[in-house]
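Here is a friendly walk through one chain, meant to be read with the structure open beside you. We begin at a single residue and then widen the view.

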Amino acid sequence: GATPPPTLTCSPTTQTGNINTSINFSATGGTGVYYWTSPGSPSSGTGANFSSVFSTSGNKIVSVTDGSETKQCAITVISIREPDLVCSPSYQTGEVNNTINFYATGGTGAYSWTSISGAYSGQTCSSFSTRFSTPGNKTVTVRSGAQSAQCVAYINPPACNAPESYL
């Protein structure tokens, strides 16, 4: 008697992939003629190998048929989330017209800084230096991707100096 063809398989049967990233599948066995359907893009294809891109996160099913059997591969699509953006130190004190340093971590790795009433705005590094010419609480904001974070610096009022004596 004729040997039945090997069973159709879709592999990997389960996998995790990132949103908006190509995810690969392969078929073996069955009749050797494969037709794919996917909720992603492209939504269909032929051949032993198939890849699809998913624009939303969640659980997806990609199916392959050889004309007699249909098998499914499951994908968990996750959205890539950047690490939380942090501005540090969150609170510090300084003196009028002295340089004060701020640091950023997390986010996309690209930063933009804005400082209220401070000089040197617009730096894109992970560190930021500025001076404040007036006393009081000063807020510095760092942005990265869709996130923003703030640091506060308290600038001490200038000390009352005794008049210098000229000898």
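## Starting at Gln 92

Gln 92 sits in strand β10, which covers residues 91–95; strands here are DSSP runs of E with at least two residues, helices are runs of H or I with at least four residues, and both are numbered from the N terminus. This is a predicted model, in which local features need pLDDT of at least 70 and side-chain atom pairs count only at pLDDT 80 or more, while totals for chains, interfaces and linings use all residues. Residues are numbered from 1 along each chain as its sequence is written, and side-chain values use heavy atoms, with hydrogens and water left out.

Is Gln 92 buried or exposed? With a relative accessible area of 17%, Gln 92 is buried (buried means under 20%, exposed over 50%, partly exposed in between, using a 1.4 Å probe and protein chains only). Setting aside neighbours within four places in sequence, Gln 92 is in contact with Ile 100, Asn 101, Phe 102, Val 152, Ala 153 and Tyr 154, where contact means heavy atoms within 4.5 Å.

## The chain as a whole

The chain has zero helices and 15 strands. Its radius of gyration is 30 Å, whereas a compact globule of 167 residues would have one near 15 Å; this radius is taken over C-alpha atoms, and the globule rule is 2.2 Å times the number of residues to the power 0.38. Along the principal axes, the C-alpha atoms fill a box of roughly 120 × 25 × 20 Å.

Of the 167 residues, 29% count as buried. Among contacts with a separation of 6 or more, 49% come from residues 24 or more positions apart. The chain exposes about 9800 Å², and carbon and sulfur atoms supply 53% of that area (Shrake-Rupley method, 1.4 Å probe; for residues, only the protein chains shown count as cover).

## Rings and a buried tyrosine

A search of the whole structure turns up five aromatic pairs, meaning rings of Phe, Tyr and Trp (its six-membered ring) with centres within 6.5 Å; planes under 30 degrees apart count as stacked, over 60 as edge-to-face and the rest as tilted. Ring pairs join Phe 25, Trp 36 and Phe 50 into a cluster.

Tyr 111 lies in the loop between β11 (100–105) and β12 (112–115). Tyr 111 is buried, at a relative accessible area of 9%. Thr 124 is 13 residues away from Tyr 111 in sequence, and their C-alpha atoms are 4.9 Å apart.

## Loops that meet around Val 53

Val 53 belongs to the loop between β6 (49–52) and β7 (58–65) and counts as partly exposed at 29% relative accessibility. Beyond four places in sequence, its contacts are Asn 20, Thr 21, Ser 22, Gly 40 and Ser 41. Thr 21 is 32 residues from Val 53 along the chain, with a C-alpha separation of 5.5 Å.

Asn 20, in the loop between β2 and β3 (23–28), has a positive phi of about 60 degrees although it is not a glycine, and it is exposed at 54%.

## More backbone details

Most residues other than glycine have a negative phi, and most peptide bonds are trans. The bond from Ser 11 to Pro 12 is cis, with omega near -10 degrees, and Pro 12 lies in the loop between β1 (9–11) and β2 (14–18). Asn 97, in the loop between β10 and β11, has a positive phi near 65 degrees and is partly exposed at 45%.
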